[in-house]
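Reader: Please walk me through this model, one question at a time.

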Amino acid sequence: MKGPLAPLLSPRSIAIVGASGDLRKLNGRPIANLLRDGYAGRILPVNPSYPEIAGLKCFPDVESLPEVPDLGVVGVGASRAVQAVEALAAKGVRFIIVWSAGFAEAGAEGARLEEDLMRVARARGVRVCGPNTLGLTNAFERMPLTFSQYADQPIAAGPVAFVSQSGAFGTAVATSARERGIGLGYFVSTGNQADLTVADVLDEVLDDTRISVVVAYLEGLKDGLAFARVADKAARMGKPLIVVKVGRQPAGRRAAVSHTGSLAGDDAVFDSIVRQFGVLRAQDETQALDLAAALTCCPAAEGDGLGLITISGGAGAMMADFAEDAGLQVPVLREATQAALGKVLRGFASLGNPVDVTGQVLEDVSMLTRSLAIVLGDDQVAVAVMWVQSLHRQADEFVDLLVAFKATAAKPFVLCWLNPPAPALQRLRDAGVCVTDRTQGCIQAAAGLVAFGRTVRMAKRRQPFPVAPTAPARANTERRNVATVEAGELLARAGLKIAPTRLARTAEEAARVAGDLGFPVAVKIESSDLPHKTEAGGVRLSLADAAEVRAAFADVMRNAQAFDPAARIEGVVVQAMARPGTELVLGLKRDPAFGPIVMVGLGGIFIEVLKDVVFAVPPLDEEGALAMIGRIRAQPLLRGARGKPPVDARAVAQALCALSCIALAHPDIAELDLNPVFAADDAIVAVDWLMVRD
């Protein structure tokens, strides 16, 4: 490890302030772990109470250390931690892990203490991991620098790096990974992330050639763009990034704040943007480990067709349901494929997909691997899943066959084996066969292989994600709603198609403008104090002549004044009626974590009810915009429903690209909503918009 965080992740010497002579205590356990696993670097305990600890010379204070260690560890109480950080910094240490708890996660007083700690660290140019962290492990260098229970057994290196905000939950995940034979090259707990974040550590470990898969547990993001850049980097390197993030619901967000003092943010925004960059999001630790197992054992899938081989018709039907839920295709196998299967299988075997080998496998277990080979040979199948249970009498033969098949397989496959013999399971894992013990888990693993294949293909075509400067958040800024015509002109210059719109200050002027635009028209109140015109009774549609326009003018003016007597009213906007289509919403906003983001989804009344919207970080190209549109859940509506024409996806994509340019070129625009946007089969047009300047 030679990156900027090498002194943290790969130190040649470690000073532990507050080290305990009792190796059973939290501040003594890491020393016992390091000595047990044979860490080759120097361990420098600091504690005036001991002349030595576990045969190591113990120093009374930091000033007495005989050298400047690469890494300092603070294991004293929160009230003394600031002093310890200052002493280590004065000694010349540039990386410090603060195990101590009692900081921002503990309330206002702890937050002030954390600010004091970081003030000292920044003044001295020190990088801090934590506070409130249980440390880290580097299995490649036999360095279990942690009091986590995960290190109670010797740590074994592997191709997965795991970075977690939570210590205890991270320990549970790391321990489960060990039980499943998934080796963690790195396990890093970032705690409160007062300085170094999950993204910082991921960025470093991705550069390690020994790491092929990275996993993260998140409770909140302080710099969403940094995380997006790391996700983009992982995709371009061909290394899957798997994320478990809490805070999807309000209760989870409250728990996240109370746990680490971080804000979880809007989960819909997070979910959309990490998917934009190909992050595989797992709902829990089990799914995360299923994905990690599959992606360390198998190549990415080159398509989304799934072949299913089973010895149970019921399991096959269940897997097919799970597959469609996950967006996978379960194609009927080609006639030639079924004919080949028919020569291997007899009797009541089902050949279409799922392929049910039936109980005859008990007579000839090779039917399973022969069927697997035939199914994977079908050009519609990109990945296969095999489901078996027990097979204790045939276990050794089955494992021999599967290990031999794995050595020559050109396409990925996942095995779901319920109740396998432990020795057989270990042999398969040693041979690099992905094995799960959950029917849904095996489908989720296959879906991960498909999704990552798509990620790699898109990353090759996508322009590199820029380090785009964003306008910093400003306190007490004055916001104003931009006039409809002014905002419309900016949109039109950017290439967005809007319904022709003009301002009128009198009823006669409104009638004249309507005649110029051509009937029918809409009349809408124009007031920066009334952004939601409909609520104020300020909208009249489909006006057929000048008389109706004059009446509408009087009507909306009267309603607006009654709704808010203090509102400043500039007049009305007269707008040509647009041809109706599927109602979409497009927009942009400034997210506290990700900066400028663009949005697309179902508009009109649907946005409030269904909240079927997708977000992305600019800049966007057309392919990225099309991918956004493809993530809208209500695809049948976009393809045309109840006689409506299908939406022109490329026209919508071009509008999103224009919004992306607006977002980057106009940092003063805090919010922009185009709702509704009428989308038809040949064009899209915005008929209402709200722009807010900061």
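This is a predicted model: local features need pLDDT of at least 70, side-chain atom pairs count only at pLDDT 80 or more; totals for chains, interfaces and linings use all residues.

Author: Residues are numbered from 1 along each chain as its sequence is written, and side-chain values use heavy atoms, with hydrogens and water left out.

Reader: How many helices and strands does the protein chain have?

Author: Both are DSSP runs numbered from the N terminus: helices are H or I of at least four residues, strands are E of at least two. The C-alpha atoms fill a box of roughly 95 × 80 × 35 Å along the principal axes. The count for the protein chain is 23 helices and 30 strands.

Reader: What percentage of the residues in the protein chain is buried?

Author: Buried means under 20% relative accessible area, exposed over 50%, and partly exposed in between, with a 1.4 Å probe and protein chains only. The protein chain has 694 residues, and the buried share is 55%.

Reader: Which strands stand at the edges of the 7-strand open sheet?

Author: Two strands pair if DSSP finds at least two bridges between them. The order is β9-β8-β11-β10-β12-β13-β14, with mixed pairing. One side of each edge strand lacks a neighbour in the sheet, because each has a single partner strand; these are β9 (143–146) and β14 (280–282).

Reader: At about what angle does helix α5 run to β11?

Author: Axes are lines fitted to C-alpha atoms, for helices over the stretch in contact, and angles run from 0 to 180 degrees between N-to-C directions. Contact means heavy atoms within 4.5 Å. Helix α5 (residues 167–179) packs on the sheet and touches β10 (160–164), β11 (184–189) and β12 (213–218). Its direction makes an angle with that of β11 of about 170 degrees.

Reader: Which residue is the bridge partner of E526 in β24?

Author: An open sheet of 4 strands has antiparallel pairing and the order β21-β24-β22-β23. Within this sheet, β22 (residues 521–526) pairs with β24 (residues 571–576) over 6 bridges. The partner of E526 in β24 is G571.

Reader: Which strands does helix α19 lie across?

Author: Helix α17 (residues 484–493) lies across β21, β22 and β24, at about 160 degrees to β21. Helix α19 (residues 546–563) runs at about 170 degrees to β23. The strands that α19 lies across are β21, β22, β23 and β24.

Reader: Are α11 and α16 parallel or oblique to each other?

Author: Helix α11 (residues 313–325) packs with helix α16 (residues 439–461) at about 40 degrees, with axes 9 Å apart. M318, M319, F322 and A323 in α11 meet T439, Q440, C442 and I443 in α16. Angles under 35 degrees count as roughly parallel, over 145 as roughly antiparallel, 65 to 115 as roughly perpendicular and the rest as oblique. The two helices are therefore oblique.

Reader: How far does the backbone nitrogen of F615 lie from a polar atom of the side chain of S272?

Author: S272 is found in helix α9 (residues 267–276) and is buried, with a relative accessible area of 7%. Not counting residues up to four places away in sequence, S272 touches V613, V614, F615 and R631. From the backbone nitrogen of F615 to that side-chain polar atom of S272 is 3.1 Å.

Technical notes
A polar contact is a pair of N or O atoms within 3.5 Å; within protein, one must be able to donate a hydrogen and the other to accept it, and residues adjacent in sequence count only if both atoms are side-chain atoms.
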